[in-house]
Amino acid sequence: MKKKFSRSTNILLVTKDLSDCFIGGRERLSQTYRSLLHKLFPESLLIFCPYPYSVNAFARYIYSIVGMLDGLTPSRIFSIITLVKKNNIELVFIDGSNYGLIALVLRLYCPNVHITSLFHNVESRFFWGSFLRKKTLKALGIILSNYIAEFFCIWCSHTSITLTSHDQKKLKFLYQKESSEVVPLVIDDSRSVEEVNKEIIPIEPYLLFVGGPFYANIQGVEWYIKNVSEKAPLSLYIVGNGFELYSGLFANHKNVKFVGSVRSLSPWYNSASAVIAPIFDGSGMKTKVAEALQYGKAIIGTKEAFTGYTLPDHKGIFECISGSDFIQAINTIHDYPPPRFDISLRSIYEAYYSYEAGYKKLYSVLNLE
């Protein structure tokens with residue numbers, strides 16, 4: 001029988017420290033979950049953040065061998081155990097399977113504590129894709145350390161959450177155990193529709209790609225430049241922290257402009273004719289799709305980009321397989337420009353991927369009464 005909790009339950013959230021961190025898709029989801037848990041447990045939520053390592057490279061290597069990642073050290077794990085016992089914690093929420101070793105230690109030393117873990121991705125599968133692009137011993141070591149942490153996470157958590165049923169099946173394949181819950185990606189939008197729509201960039205009609213320079217995004221941009229950009233009637237603007245450093249790698253990038261980091265994404269989304277997502281690999285869900293829906297924008301993407309999303313048959317959503325599919329969709333956007341803000345696309349975000357939708361789903365998953 002599923003354990004029930006009340007809103008006064010003592011809960012500990014273990015999550016990444018974001019104070020000096022660039023806020024990308026994963027970080028936005030962490031921020032949203034922190035806010036959701038604070039709303040669900042307004043008086044009883046404690047937060048523990050393993051800060052970035054201050055130890056040397058050799059110590060980090062030793063830690064990673066046993067699955068201590070992203071700031072975990074023996075002393076910090078001991079601090080978590082002490083915190084749990086001192087504050088009579090009943091529920092520990094682990095934000096990321098990279099912290100899976102914590103689940104193992106809690107099982108051993110705090111057997112009465114309920115452990116719930118959020119899998120942002122299937123990390124070992126995610127880093128396998130990165131390894132295939134750049135085969136180094138370091139990349140292989142990252143896969144192995146994440147595999148160890150993720151193994152502990154899936155087997156030692158009482159409740160495990162993945163963003164998609166695809167990731168649920170990947171866990172089953174890799175670890176012979178699937179997640180117990182599927183909760184789609186949700187992102188907060190603290191501003192009103194009217195407020196968001198005020199910011200505009202006065203430039204030519206353009207397509208927008210948003211994302212950092214990790215392997216699947218780089219692969220997607222390379223594919224787009226090779227197969228689509230020269231025949232596209234609209235320029236593509238690429239916005240993402242650090243992506244401007246890669247512009248030199250693309251000798252021929254007609255109709256593609258590398259913007260890099262920006263102060264705010266809002267004007268870039270608002271002013272775009274459509275958002276594109278030529279993604280062919282990865283795990284989890286693609287934040288750029290939820291953001292496009294949030295801003296009421298037409299989306300042109302691959303099947304992988306739309307993985308995990310519940311999307312109706314809508315004239316503003318184009319699922320493409322080939323380069324010619326992308327070109328045809330872009331031509332349609334060019335010849336018949338969609339509304340700058342499509343309320344029907346925004347309504348999809350509000351129904352499935354908004355803060356309110358996440359609140360209802362998490363309330364159910366945590367079995368609150």
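Is Lys-16 buried or exposed, or does its relative accessibility place Lys-16 in between? At 34% relative accessibility, Lys-16 counts as partly exposed, because buried means under 20% relative accessible area, exposed over 50%, and partly exposed in between, with a 1.4 Å probe and protein chains only. The structure is a predicted model, in which local features need pLDDT of at least 70 and side-chain atom pairs count only at pLDDT 80 or more, while totals for chains, interfaces and linings use all residues. Residues are numbered from 1 along each chain as its sequence is written, and side-chain values use heavy atoms, with hydrogens and water left out.

We can begin with the strands. Six strands form an open sheet in the order E2-E1-E3-E4-E5-E6, with parallel pairing. At its edges lie strand E2 (45-48) and strand E6 (181-182), each of which pairs on one side only. Here strands (E, at least two residues) and helices (H or I, at least four) are DSSP runs numbered from the N terminus, and two strands pair if DSSP finds at least two bridges between them. Within the sheet, strand E3 (residues 91-95) runs parallel to strand E4 (residues 114-119), and five bridges join the two. Asp-95 stands opposite Leu-118 in E4.

Salt bridges come next. A salt bridge is taken as a side-chain nitrogen of Lys or Arg within 4 Å of a carboxyl oxygen of Asp or Glu, and the structure holds eight of them. One of these joins the side chains of Lys-16 and Glu-27, at 3.4 Å from N to O. This pair links distant parts of the chain, 11 residues apart: Lys-16 sits in the loop between strand E1 (11-14) and helix H1 (25-40), and Glu-27 in helix H1. Glu-27 counts as buried, because its relative accessibility is 12%.

A salt bridge within one helix is formed by Asp-167 and Lys-170, with the closest N and O atoms 3.7 Å apart. The two residues are separated by about one helical turn, because they are three residues apart in helix H7 (residues 165-175). Asp-167, at 1% relative accessibility, counts as buried, whereas Lys-170, at 24%, counts as partly exposed.

Finally, there are the spaces in the model. On a 1 Å grid over the protein atoms alone, a cavity is a set of points where a 1.4 Å probe fits but cannot get out, and a pocket is an open set with protein on both sides within 12 Å along at least five of seven lines; lining residues have an atom within 4 Å of a point. Grid points are joined across faces, edges and corners, and a volume is the space filled by probe spheres set on the points. One cavity of 30 Å³ or more is counted. The lining of the largest cavity includes Lys-2, Phe-5, His-114 and Asn-367.

The second largest pocket holds about 160 Å³ of space. Of its 13 lining residues, Pro-205, Ala-272, Ser-273, Pro-337 and Pro-338 lie nearest its centre. Helix H10 (266-271) and helix H12 (323-335) each supply at least two residues of this lining.
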